[in-house]
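Here is a walk through a protein model, from the whole chain down to single side chains. Keep the structure open while reading.

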Amino acid sequence: MPIDPGLSASDSISDNRQVPLRELALFFLRLGTTAFGGPAAHIAIMEDELVRRRRWLSRERFLDLLGASNLIPGPSSSEVAIHIGYLCSGWRGLLIAGSCFIVPAATMVAALGYLYVRFGKLPATAGLLYGIKPVVIAVIVQALWGLGRTAVKTTFLGFVAIACIVLSLLGFHPLLLLLLAGVVTCLPELGISRSSLSVFTPLAVGSGSAAASAAFSLGSLFLVFLKLGAIVFGSGYVLLAFLRADLVTHRGWLTDAQLADAVAVGQITPGPVFTTATFIGFILGGSRGALLATVGVFLPAFLLVAASGPLVPRIRKSRAAGAFLDGVNVASLALMAAVSWQLGRVSLVDFPAVVLAVASLIALLRFRLNSVWLILFGAIIGAISRLPHLR
């Protein structure tokens, strides 16, 4: 594998390294408390901390876990965390890494849900987001640079990555892109010419427009989020489309304004975007609703990773399956790149924001500063920029 500038050839990384549970718990507790910016940013921070700095696993293994997480439904960054926990500390690590990543964010979101129910609005956070978002863009770009050098092993994989970026921006379904990239990449290993696979069509996803409201109960709330956790592929932003179709249009449990506020909560809190479920659960069913919605939406991730995690090393040993995973890996990075482009368009809103993003990227690539401190610095800059006398 390409050696990172901060690593020497003698400092090779062991994929079988056992990490103490306390160290694992502390890292993911901190990540769940400080990692803003959605799944792409979370994955970028994990790569920076665990691959480049702590050397808990190699870039190749990290990419395999990322690809495997993108092939199963559920919150991708949470599933990467759960995979890493299993790899580093077995079944206990699986439970601890996932729980420590999810619980801090869910607790903060539940607190905001309490304030929302009591006061009818969210606290002002525009200044914080203004400073945090440009730093998050820089963190994602840095991760794409490092992971891309490892994932794009051939010229053909580079073409696959570019094609996936374009198709993602054109609206192709993420799961379709992952599968197509994997299939096209492994065809030669199966003795099939790539030219025989010439026409692909996007996966059209339709939804009914039915709108009869359904009776609310805590049991039905749990089942709704259990279903969503088991069928939603891609990032937490994909979840939002399903939430509107199910909870606003079909069941009538939420209004569009309440869903918009739930989206805002996902933006202003660290950790998994899927904790939007916690906020909605609190609105609909108080603290018990928040707990049931959170458990429901994240439980499938633990079960799916537990089932698929032990298979990842076996997949890599097969030439055809390994080639398929190579294709999935570059497609996963392409989806991250497309998301970062879309986030950049709404985050880099003026010249100071662009300067902050560029300065953060230089600090990450040239001086290897910790992304957590940069995000904190961005939040402070954003808060100062929104002071009344500076506006």
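The paragraphs below start with the chain as a whole and then turn to helices, salt bridges, loops and the surface.

The model is predicted, so local features are described only where pLDDT is at least 70 and side-chain atom pairs only at pLDDT 80 or more, while totals for chains, interfaces and linings use all residues. Residues are numbered from 1 along each chain as its sequence is written, and side-chain values use heavy atoms, with hydrogens and water left out.

The secondary structure of the protein chain consists of 15 helices and 0 strands. These elements are DSSP runs numbered from the N terminus (helices: H or I, at least four residues; strands: E, at least two). The chain has 391 residues, and 52% of them count as buried. Buried here means under 20% relative accessible area, exposed means over 50%, and partly exposed is in between, with a 1.4 Å probe and protein chains only. The accessible surface comes to about 17,300 Å², and carbon and sulfur atoms contribute 67% of it. Such areas come from the Shrake-Rupley method with a 1.4 Å probe; for residues, only the protein chains shown count as cover.

Helix 1 covers residues 21-34, and its 14 residues reach 20 Å from the first C-alpha to the last, close to the 20 Å expected. The expected span is 1.5 Å times one less than the number of residues. Which residues of helix 1 are buried? They are Leu 24, Ala 25, Phe 27, Phe 28, Leu 31 and Gly 32. These residues cover an arc of only 165° around the axis, which puts them on the same side of helix 1. The arc is taken from the directions from the helix axis to the C-beta atoms. An α-helix has 3.6 residues a turn, so residues three or four places apart point the same way. The cover over the buried residues of helix 1 includes helix 2 (39-53) and helix 4 (76-119).

Helix 8 (residues 218-231) also has 14 residues; the end C-alpha atoms are 20 Å apart, in agreement with the 20 Å they should span. Its buried residues are Ser 220, Leu 221, Val 224, Phe 225, Leu 228 and Gly 229.

Next come the charged pairs. Side chains of opposite charge can pair when their charged atoms come close. The structure holds 8 salt bridges, each defined as a side-chain nitrogen of Lys or Arg within 4 Å of a carboxyl oxygen of Asp or Glu. In one of them, Glu 49 meets Arg 30 at 3.0 Å, N to O. Glu 49 lies in helix 2 and Arg 30 in helix 1, so this pair ties together parts that are 19 residues apart in sequence. Glu 49 is buried at 3% relative accessibility, whereas Arg 30 is partly exposed at 30%.

Asp 246 forms a salt bridge with Lys 227, with the closest N and O atoms 2.6 Å apart. This pair links helix 9 (residues 236-250), which holds Asp 246, to helix 8, which holds Lys 227; the two residues are 19 apart. Asp 246 is buried, with a relative accessible area of 8%, and Lys 227 is partly exposed, with 37%. Asp 246 forms a salt bridge with Arg 251 as well, at 3.0 Å between the closest N and O atoms. Arg 251 is buried, with a relative accessible area of 19%.

Thr 269 sits in the loop between helix 10 (256-268) and helix 11 (276-308) and is buried, with a relative accessible area of 5%. Not counting residues up to four places away in sequence, Thr 269 touches Phe 36, Val 109 and Leu 112. Ser 168 belongs to helix 6 (residues 155-169) and is buried at 15%. Leaving aside neighbours within four places, Ser 168 contacts Leu 177, Leu 335 and Ala 338.

Arg 55, in the loop between helix 2 and helix 3 (59-70), has a positive phi near 60° although it is not glycine. Arg 368, in the loop between helix 14 and helix 15 (371-385), has a positive phi of about 55°.

Key: Contact means heavy atoms within 4.5 Å.
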